[in-house]
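Welcome! Here is a short tour for anyone meeting this protein for the first time. Please keep the sequence and the 3D view at hand as you read.

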Amino acid sequence: MTTTAMTRHVLPGLRPEPLASYLAGLGLIRVLGEQADPAATAAWTPDGLAIGTTVPDIPAWLAGEYVPAPVLSPWNGGSGFGAKDKEPVRRLEIIREHPSPRLANLRAAIRLTEQVMSMAREAGWVTEAGVAEKGRVILELRNRCPDELLPWLDAAVVLAGGETFFPPILGTGGNDGRLDFSTNFHQRLIDVFGASDSDTERARARASAADLLAGTQIQQLGVVPIGQFDPGQAGGPGSSRFGSADALANPWAYILCVEGAVLFAASTARRNQHAAGRAAMPFTVAGSPDGSDSGAAGEESRGEVWAPVWTREFTLAEIRQLFAEARASWRGRQARRAVDFYAATRTLGVARGVDEFTRYGLQQRNGLSFVAVPLDRIRVREEPAVRLAAEIEDWAQRVSGDASASVAAASRAFQKEHLEFARDGGPRALASMLAALTTLELAVGRSRRAKDAVPPRYVPPAAGFFDVLRKDESAELRLAAGIASCATRPAEGPPRSMRQVLLPIDPNGWRDSPLVAGFGVRPLPDVLAGVLIWRCRTAAADRDAARFRGVPGFRTSIPVPAADLHAFASGELLDEKKLDLLLRACLALNWRHVRYDWARAEPDIPDPTLGLLHPLAAGLNPGEPGDDEGGEPVPALAPDWATRLSAGQVKQVHTEAAARLREVGWTAAPAPPGGPARDGIRIAAALVPRCLRPQATLSMIAFRANPPSEETEELS
């Protein structure tokens with residue numbers, strides 16, 4: 001017995017992009033595995049599709065031995081079975097009379113389909129105007145057709161729950177507008193088989209196949225309507241310098257493309273598992289314009305196809321299993337949106353062995369026609385941080401964009417950032433997604449209709465999110481975390497968090513307006529100065545209010561290094577757009593029980609007034625100068641200082657703060673600085689978060705005001 005050695009063929013003409021080339025690669029391994037070599041393998045390489053097979057000359061095999069799959073779509077107008085069809089009927093007649101035995105399966109399928117259509121006309125399912133009962137015609141054809149026709153039917157149409165769904169990879173049931181894929185397939189077969197399948201015609205067909213596989217154009221391309229599968233070759237308006245051009249392609253490219261699309265047939269198990277038609281279509285999700293430079297809100301889309309790419313050699317049986325399972329799960333369910341699919345590729349939710357996916361959007365781009373636009377190439381890799389999206393995405397999905405234009409815009413912005421985080425992970429993408437979520441909450445909170453439709457969302461603990469965010473540590477993040485983690489400690493009831501101060505929400509539901517208005521509209525320093533004024537007005541309700549002579553700042557928060565607070569007060573050293581984004585991100589989280597100590601950092605040029613006020617805002621912590629040992633109330637901020645700072649009375653507040661510090665032993669406090677008045681609003685805003693070791697900065701200020709010498713008394 002002679003054993004033929006397996007040869008590895010690398011085919012530069014078959015690559016993952018465009019979709020026509022990818023499907024042609026699938027079609028080639030499918031027909032080889034089914035008809036010539038069951039052990040044949042395929043793998044995608046940087047140089048093209050690599051086929052391992054015992055077939056020594058693949059182009060010669062295609063030209064001389066390949067048997068086409070039956071491809072018929074009698075439910076479509078222009079398929080050759082309609083009363084008004086002319087050219088499609090001529091093509092069917094040529095195939096009926098063709099002498100090649102390789103077309104026998106197609107001829108048998110044509111005869112059976114004609115019988116079904118005749119019965120359908122008698123039953124009234126088909127009229128002179130066209131197919132009136134498309135579902136019944138398809139079901140009857142499926143029940144009676146030969147096994148060879150079933151793969152095409154299952155790829156073109158999904159029957160589920162009494163409804164008919166069309167996988168977008170084959171348009172709307174095997175057609176794209178007026179272009180019927182089946183009759184186009186028939187013409188391409190006529191092109192390569194010729195009139196008699198003679199040796200001369202086989203030689204021409206072999207040369208054309210070799211051209212396709214090698215990625216060359218030695219043979220003349222034909223006018224081949226490629227449809228949605230290859231936008232670059234589709235022709236039409238604007239496709240040439242003269243305005244319009246014909247679609248030019250290799251006929252084998254279309255034939256193998258259709259053969260490959262059959263692998264996307266919906267399996268019975270998947271149809272039964274998911275009642276929704278699209279969920280039964282392998283590697284197919286609803287369309288989304290996000291994550292694409294060419295995407296736009298409101299554009300028409302049939303959906304998206306995520307084409308799996310593998311570099312390990314797979315046999316046809318393994319490829320079939322890959323497409324039959326079509327595993328792309330997120331949170332225990334099949335991906336139905338692009339963001340779900342991205343998350344699946346980052347959380348081990350796709351089949352092992354798949355190295356990457358090519359994301360195609362079936363978008364309306366040329367009049368009423370659709371094209372497969374390559375949107376992204378996604379390498380499969382584990383990104384554990386992406387799992388955090390599961391804790392916040394459900395509420396956003398419940399928000400309807402019909403409530404108002406602002407809610408619709410905020411919802412779209414969140415969807416975009418959500419997808420970006422699922423694709424990229426990392427601290428910056430996470431911050432943008434969380435910030436967009438807070439913006440959406442603000443938009444919902446301003447819309448009565450939206451608030452009536454959805455309750456306030458569950459706020460997840462910050463700890464896991466913070467672990468990711470602080471990988472990109474910055475002064476802006478330290479400030480944002482310090483502000484967002486501020487909370488009151490009331491004598492009765494639960495603590496009130498900063499998000500409950502700045503957003504129109506309470507523990508029991510939505511509020512008509514936030515406690516401090518203007519977040520997201522007014523400048524951030526103005527809003528934070530308002531927070532300090534609110535704090536001074538309500539601090540008497542704290543459970544330890546009697547301990548203080550005056551008003552302490554927030555007693556619960558993550559302390560911020562003094563250097564960051566003084567930089568914020570100066571208004572020159574921080575990126576306030578970044579701070580605003582990170583604050584929105586941090587406000588999306590629950591900071592209760594989160595504790596973190598940043599590295600200590602003292603300001604190079606401290607603001608004297610802020611340096612005096614921070615120890616008072618902290619209530620002069622025990623163990624530091626001013627610690628009260630006799631049970632007297634601890635000095636804190638005067639109740640009116642926040643308002644007066646906001647009104648520009650910086651020097652007056654500075655003088656009063658220095659006097660209050662001298663009462664408890666800080667004898668060398670500096671005098672108010674001269675020159676132009678400083679921004680009291682920023683100083684008030686910088687008093688909202690807790691300062692890390694405020695007494696150290698105060699000592700620095702006092703030292704600079706009165707440096708020790710033999711003639712001066714040192715600070716006690």
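A residue is called buried when its relative accessible area is under 20%, exposed when over 50%, and partly exposed in between, using a 1.4 Å probe and protein chains only. By that rule, 54% of the protein's 716 residues are buried. What you see is a predicted model, in which local features need pLDDT of at least 70 and side-chain atom pairs count only at pLDDT 80 or more, while totals for chains, interfaces and linings use all residues. Residues are numbered from 1 along each chain as its sequence is written, and side-chain values use heavy atoms, with hydrogens and water left out.

**The whole protein**

- The protein holds 27 helices and 26 strands; these are DSSP runs numbered from the N terminus, with helices (H or I) of at least four residues and strands (E) of at least two.
- Contact here means heavy atoms within 4.5 Å. Among contacts in the protein with a separation of 6 or more, 73% involve residues 24 or more positions apart.

- Strands of a sheet pair through backbone hydrogen bonds, either parallel or antiparallel. Two strands count as paired if DSSP finds at least two bridges between them.
- Ala42 has Ile51 of β3 opposite.
- Apart from neighbours within four places in sequence, Ser21 touches Gly13, Leu14, Arg15 and Trp44.

**Covered elements**

- How many residues of helix α9 (residues 251-261) are buried? The count is 11 of the 11, so α9 is largely enclosed by the rest of the structure.
- Among the buried residues of α9 are Trp252, Tyr254, Cys257 and Glu259. The buried residues of this helix pack against α1, α2 (58-64), α6 (150-156), α7 (181-193), α8 (199-214) and β13 (248-249).
- Strand β15 (residues 301-309) is mostly covered too, with eight of its nine residues buried. Strand β14 (residues 284-285) pairs with β15 in the antiparallel sense over two bridges, and Val285 stands opposite Glu304 in β15.

- Helix α3 (residues 87-97) and α7 have axes that come within 10 Å and cross at roughly 45°. That makes α3 oblique to α7, since angles under 35 degrees count as roughly parallel, over 145 as roughly antiparallel, 65 to 115 as roughly perpendicular and the rest as oblique.
- The contact between them includes Arg90, Leu92 and Ile94 of α3 and His186 and Ile190 of α7.
- The crossing of α3 and α7 is left-handed, whereas that of α21 and α23 is right-handed. A crossing is left-handed if the near helix is turned anticlockwise from the far one by less than a right angle, and right-handed if clockwise.
- The axes of α21 (residues 562-570) and α23 (residues 608-617) come within 10 Å, crossing at roughly 130°. This makes α21 oblique to α23. Here Leu565, His566 and Ala569 of α21 meet Leu610, Gly611 and His614 of α23.

**Backbone details to look for**

- Most residues other than glycine have a negative phi, and most peptide bonds are trans.
- A cis peptide bond, with omega about -5°, links Glu17 and Pro18. Pro18 sits in the loop between β1 and α1.
- Phe283 is not a glycine, yet its phi is positive at about 55°. Phe283 is in the loop between α10 (268-273) and β14, and is buried with a relative accessible area of 2%.
- Arg331 also has a positive phi, about 60°, without being a glycine. Its place is the loop between β17 (329-330) and β18 (333-334), and Arg331 is partly exposed at 33% relative accessibility.

Conventions: Axes are lines fitted to C-alpha atoms, for helices over the stretch in contact, and angles run from 0 to 180 degrees between N-to-C directions.
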